[in-house]
Amino acid sequence: MGNLLVSLRIVFLIAMRNLTSHRVKSLIVGSIMAFGTMLMVVGTSLLDSVEESMEKVVSSSLTGQLQIYSTQGRDELSLFGGLTASRPDIGEIEDFSKLKQLVEPIENVEAIVPMGVTIATGAGGNDIDSTLADLRRAVDANNSVEVKKLEGQIVQLASLLEDEYEYRAKIAADTEKLEQDLEVLQRVQESDFWEDFDLNANARLMYLDTKLAPLAADGKLFFLRLLGTDPQLFKKSFDRFEIDKGQMIPPGKRGVLLSRRAHERFLKHRVARQLDRVKREIEVEGRSLEDDELLQGRVRRLSRQYRRILFQLDVAETARLDKMLRDYLSEDTPEDDLAKLVEKFLLVDSNNFDERYNYFYENIAPMIELYRVNVGETVTIQAFTRRGYLKGMNVKIWGTFQFKGIEDSDLAGVVNLTDMVTFRELYGKMTDAQQAELEELREEVGADVVTRDEAEDALFGGDAELMEEGQPGELTEGFDEFAEVDVLERDERLARAGELTYEQEEIDSGLALNAAVILKDRDRIKETRSAIEAAIAREGLKLRVVNWQEAAGIVGQLITVIRLVLYAAIFIIFLVALVIINNSMVMATMERVSEIGTMRAIGAPRGFILVLFMLETLALGLIAGTLGGLSGALMIEAAGFYGIPAYNEIVRFIFAGPYLYPHVTWGNVLLAAVVIFVVSVIATLYPAIVATRIQPVVAMRGRE
Amino acid sequence: MATLRMILLIAMRNLVQARVRTLFLGTALTLVTMLLVILMGLSQGISDNIVRSATTLSTGHVNVAGFFKATSTDSAPLITDASRLKKIVRENTEGLDYVVDRNRGWARIISPTGALASLILGVDIEEEERLVDVLQLAPQSDYKEGGSQQILGDASRLADPNTVVLFATQAERLEVDVGDKLTLRSQTRDGRANTVDVTIVAVARDIGILSNFSMFVPKQVVLDLYQLKPDTSGAIQIYLDDIDRSREVMEHLRLVLEKEGYELMEYQPAPFFAKFGTTSGEDWIGQKIDLTVWSDEVEFLMWVLTALDTVSYALIAILIAIIAVGVMNTMWISVRKRTSEIGTLRAMGMTKSRVFLLFISEAFLLGLFASLLGATLATIIALSINAAEITIPVDAVRAILLSDKLVLAIGPEQFLIAIGMLTSFTVISAMWPSIRAARMQPVEAIQQTE
């Protein structure tokens with residue numbers, strides 16, 4: 001025993017001496033090892049942090065830890081977007097309550113939340129719409145002064161439109177249609193249309209609504225990705241969820257909650273949005289208005305958007321803004337009109353950007369419509385049902401929401417929430433009663449099941465011809481469910497949209513497209529997944545279970561791709577390092593031929609030489625690995641302290657936010673240690689074997 | 001000359017004598033060269049793919065497009081009097097290969113069993129003979145389960161009215177085949193829903209992710225769908241003999257069109273669909289012309305190339321640093337081992353610069369042979385990968401690489417760059433040990449060996 005210790009001590013001492021005496025070799029091999037370790041620690045830690053932040057965003061905003069959906073669909077679930085521009089067909093979970101009963105009792109399942117995504121378009125109305133609404137109110141209130149004022153506005157709008165319609169003749173093929181439209185515009189401007197307006201108010205309003213309003217149809221269409229769910233359960237299960245503006249959809253009430261990101265990015269006034277964007281590019285991406293041409297181009301384009309502000313001002317506001325901007329810009333050019341002033345104001349540069357940004361929000365924003373849809377409003381949205389019909393309905397916007405800690409992630413803001421009942425209507429799922437009624441009807445008329453293309457044909461006509469104009473009083477766009485309802489009732493129904501209710505049972509019993517499963521212990525995801533799969537198989541349901549990464553779609557795969565690239569890179573680096581280290585070691589061995597020969601000559605066994613070599617490399621590996629690992633960990637911790645800024649949109653997306661705060665996972669350090677150990681051993685193997693083969697006699701020959 | 005030959009011979013002999021050393025270092029150099037060539041080939045392959053799918057589907061080398069605003073809040077991606085504009089372009093473009101113009105639309109495509117949204121590109125197939133060559137038609141089995149290997153249809157039948165050529169993924173999704181009918185639905189410029197029925201005349205192989213969102217129809221289909229006048233078009237696409245001259249040609253055409261009295265939009269390097277918002281808010285009515293080069297129209301894809309190049313460069317830089325350290329170490333040992341030899345050479349009257357040259361030559365030869373071998377091996381690997389037509393299994397990778405197959409494009413350029421780079425880095429790394437060798441005093445050198 002003592003003997004062994006002594007020889008170990010000797011071996012250790014010789015190894016240390018060798019390391020210090022072959023300084024250049026040790027330094028080279030050591031630095032390669034240290035560098036490799038550092039790279040591994042940094043790379044894997046960064047990647048784990050990215051994955052973690054992405055998991056945080058994905059699972060705590062939408063997917064939960066597991067998702068369940070049908071096996072019968074044609075496409076895979078991709079909640080954050082897939083590869084086609086069409087709505088993916090992921091099948092249906094016909095009766096959610098059945099699944100709920102099955103999954104809820106499983107150990108480790110905290111909750112199961114029904115879901116379904118559809119895309120809806122909404123129209124925020126246009127200038128004519130709001131003027132007509134004002135007119136209707138004035139008529140109701142018998143306010144003839146107001147009616148007179150609004151009459152002037154409508155005539156003005158119609159004359160503007162008439163000019164624009166003449167331009168359309170340059171590109172339009174169907175001049176007949178244009179002439180009809182022009183007739184409407186001229187009719188509205190005629191004085192006899194207004195003379196007996198009071199007497200025929202309803203008919204005239206109808207004419208304006210149906211004939212004039214569609215002509216200004218350039219409206220403000222916007223898209224909403226709507227996630228139908230059980231709002232109360234969603235709030236409880238996704239604990240980062242919080243209300244930003246307005247209020248939560250009250251229990252049992254129907255309506256929509258907008259995501260704050262969607263509200264800010266897609267529904268905000270374009271000028272404000274562009275200003276926000278410039279601000280972000282300066283502050284987060286570190287770009288400068290002074291020398292960044294792309295950014296300057298953005299500002300120039302922004303300055304030309306002054307109409308978007310002017311259009312939303314009334315007479316008093318126009319005068320006020322004119323004076324304010326004249327003072328602010330201290331312009332002494334009376335010939336400049338307000339358009340010019342606003343354009344000048346918006347042409348910001350690096351010196352005045354912050355000041356003007358604040359000025360805009362303090363003084364100009366209150367005068368304009370900062371968002372297309374405001375909290376508390378009721379808006380009309382439409383969606384294509386799965387049969388291809390357009391379904392329209394009024395929904396109340398209760399508020400906006402965000403997820404705590406990931407407020408800035410674009411990814412977390414991709415969907416807006418609504419209740420399951422509203423979703424099912426937009427999706428085109430009929431209730432059992434409606435279904436039964438339809439079946440009866442079908443039997444009576446002997447009609448076939450309507451397929452999607454027939455539905456489209458029925459709606460839009462099967463050939464290239466435009467849909468024929470309908471009867472007077474009927475809208476050409478066949479989606480407005482209130483089209484033939486009395487106008488006053490329409491207003492009333494709009495007001496009532498927020499009052500529609502449903503029972504909890506309605507949410508549970510019925511269709512869902514997918515379901516999120518929230519776990520109590522998130523680390524036991526695999527185990528619980530198998531348990532749920534087993535339960536589903538037992539019941540013979542045609543459903544499958546996927547984890548958050550699979551459910552996210554292409555976003556989830558992205559991480560896998562980056563990981564693959566990183567591992568490939570690390571593998572290649574270590575492979576080359578291995579060859580180089582091996583090479584250096586062989587060189588060093590050659591130099592020590594006589595020394596080793598001498599050792600062998602005085603009785604050192606081959607094993608001794610082998611151990612000596614291994615120990616040398618291991619000691620070097622240990623020192624280099626520790627140094628490299630530590631410096632890597634230090635770098636990561638420093639980066640975690642300051643945060644790594646996402647310098648462009650793509651990186652922002654990958655980081656799932658504007659900054660990444662990485663931290664060291666000690667598992668990675670350990671992994672790096674193991675890898676460096678293995679690499680050291682392999683690299684030393686050949687030189688060590690070469691060394692053991694050295695015959696004692698070589699030493700005798702010595703220096704010839 | 002003779003001395004140079006002698007020096008090279010000695011260097012060669014040294015390399016052969018130190019077989020183990022040469023072998024190890026050579027292997028490392030070969031490995032890194034291989035890697036460099038393959039990474040460059042991958043980057044080039046992806047770049048080629050982007051250019052190919054972009055110039056087939058969505059852009060010319062230079063585009064003369066524009067917006068027409070009938071109302072001040074409108075923005076339609078249209079050009080009026082397309083034939084006049086086309087004539088001007090044709091007469092004023094140097095190095096022109098050919099010019100086409102295409103109508104653009106966005107429609108919902110409906111089949112009896114499915115629906116999807118896609119760009120529809122209105123083409124005049126007689127004008128676009130190239131398109132027929134570039135679009136490889138897909139065998140039926142590509143889009144239909146249990147389909148035959150036979151290629152049905154013919155893209156040149158786009159000359160017939162109300163026809164469509166779509167891509168395999170779309171056909172699979174819509175569950176349709178050549179001869180079937182599709183309904184295209186969109187809204188006319190004044191907001192009315194309108195439809196056109198078309199017959200599928202061919203199904204083309206996918207060209208990366210862009211082909212999921214594009215299909216070809218005769219021009220008249222787009223005009224009908226949007227109820228547009230005949231001489232209205234979407235974009236004039238200019239194809240040049242040399243794609244690298246795109247920017248120069250665009251600058252020239254801007255001046256020409258300005259002189260012709262056209263109003264131009266400010267140059268904005270972005271695809272046309274990213275410009276709707278800006279133009280609809282601007283205060284003008286009528287026609288403005290917008291010029292772009294091909295990379296602007298696929299700007300949203302260029303990050304893939306940037307990312308790939310960044311990763312490649314970082315990886316290569318790290319590897320070259322490691323290799324440099326290795327070369328230096330080896331040369332250093334070689335210098336020390338041959339101290340007496342150097343001393344003798346110097347004593348015999350060899351000048352310092354010759355000694356330096358001797359060691360540098362050794363590194364040069366090693367670098368040259370190893371990188372030549374590496375580049376050759378990499379080319380063989382790349383060719384066999386291409387021949388094997390490996391289908392990429394992960395959707396995300398397919399989307400990122402814009403290709404269904406793994407394609408490495410290695411040309412003489414990549415080959416020579418790799419060899420040049422590796423050889424020069426080897427020589428540079430050998431510089432310091434070689435200088436040390438040259439500086440040795442003959443007497444000391446011989447003494448040291450005692």
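**Meeting the two chains**

Biologist: Of the contacts in chain A between residues at least 6 apart in sequence, what percentage joins residues at least 24 apart?

Modeller: Good place to start! Two residues are in contact here if their C-beta atoms, placed from the backbone, lie within 7 Å. Among such contacts in chain A between residues at least 6 apart in sequence, the share joining residues at least 24 apart is 81%.

Biologist: How are residues and chains labelled, and what pLDDT do side-chain atom pairs need to count?

Modeller: Residues are numbered from 1 along each chain as its sequence is written, while chains are lettered from A and ligands numbered from 1 in the order in which they are written. This is a predicted model, in which local features need pLDDT of at least 70, totals for chains, interfaces and linings use all residues, and side-chain atom pairs count only at pLDDT 80 or more.

Biologist: How many helices and strands does chain A have?

Modeller: Helices (H or I, at least four residues) and strands (E, at least two) are DSSP runs, numbered from the N terminus. On that basis, chain A has 29 helices and 12 strands.

Biologist: What percentage of the residues of chain A count as buried?

Modeller: A residue is buried if 20 or more other C-beta atoms lie within 10 Å of its own, exposed if 12 or fewer, and partly exposed in between, with C-beta atoms placed from the backbone. For the 704 residues of chain A, the buried share is 34%.

Biologist: Are helices H2 and H24 of chain A roughly parallel or roughly antiparallel?

Modeller: Axes are lines fitted to C-alpha atoms, for helices over the stretch in contact, with angles running from 0 to 180 degrees between N-to-C directions. The axes of H2 (residues 23–63) and H24 (residues 554–591) of chain A come within 10 Å and cross at roughly 170°. Angles under 35 degrees count as roughly parallel, over 145 as roughly antiparallel, 65 to 115 as roughly perpendicular and the rest as oblique. H2(A) and H24(A) are therefore roughly antiparallel.

Biologist: Which residues does A:Val576 contact, leaving aside its neighbours within four places in sequence?

Modeller: A:Val576 is one of the residues with the most contacts inside the largest core. Leaving aside neighbours within four places in sequence, its partners are B:Ala28, B:Leu31, B:Val32, B:Leu319, B:Ile322 and B:Ile323.

Biologist: What residues does B:Leu315 touch, not counting those up to four places away in sequence?

Modeller: B:Leu315 has its place in helix H10 (residues 302–337) of chain B. It counts as buried because 20 other C-beta atoms lie within 10 Å. Not counting residues up to four places away in sequence, B:Leu315 touches A:Ala569 and A:Ile572.

Biologist: In S7(B), what is the bridge partner of B:Leu119?

Modeller: Strand S7 (residues 214–218) of chain B is largely enclosed by the rest of the structure, because four of its five residues are buried. Strand S3 (residues 115–123) of chain B pairs with S7(B) in the parallel sense over five bridges. In S7(B), the bridge partner of B:Leu119 is B:Ser214.

Biologist: Is B:Asp81 buried or partly exposed?

Modeller: B:Asp81 lies in the loop between strand S1 (62–69) and helix H3 (82–92) of chain B. Its phi is near 50°, a positive value in a residue other than glycine. Because B:Asp81 has 14 C-beta neighbours inside 10 Å, it counts as partly exposed.

Biologist: How far apart in space are B:Leu131 and B:Thr56, C-alpha to C-alpha?

Modeller: B:Leu131 sits in helix H4 (residues 129–134) of chain B. With 22 C-beta neighbours inside 10 Å, B:Leu131 counts as buried. B:Leu131 and B:Thr56 are 75 residues apart in sequence, and their C-alpha to C-alpha distance is 7.0 Å.

Definitions and conventions. Core = buried A, V, L, I, M, F, W, Y, C linked by C-beta atoms within 7 Å. Pairing = 2+ DSSP bridges.
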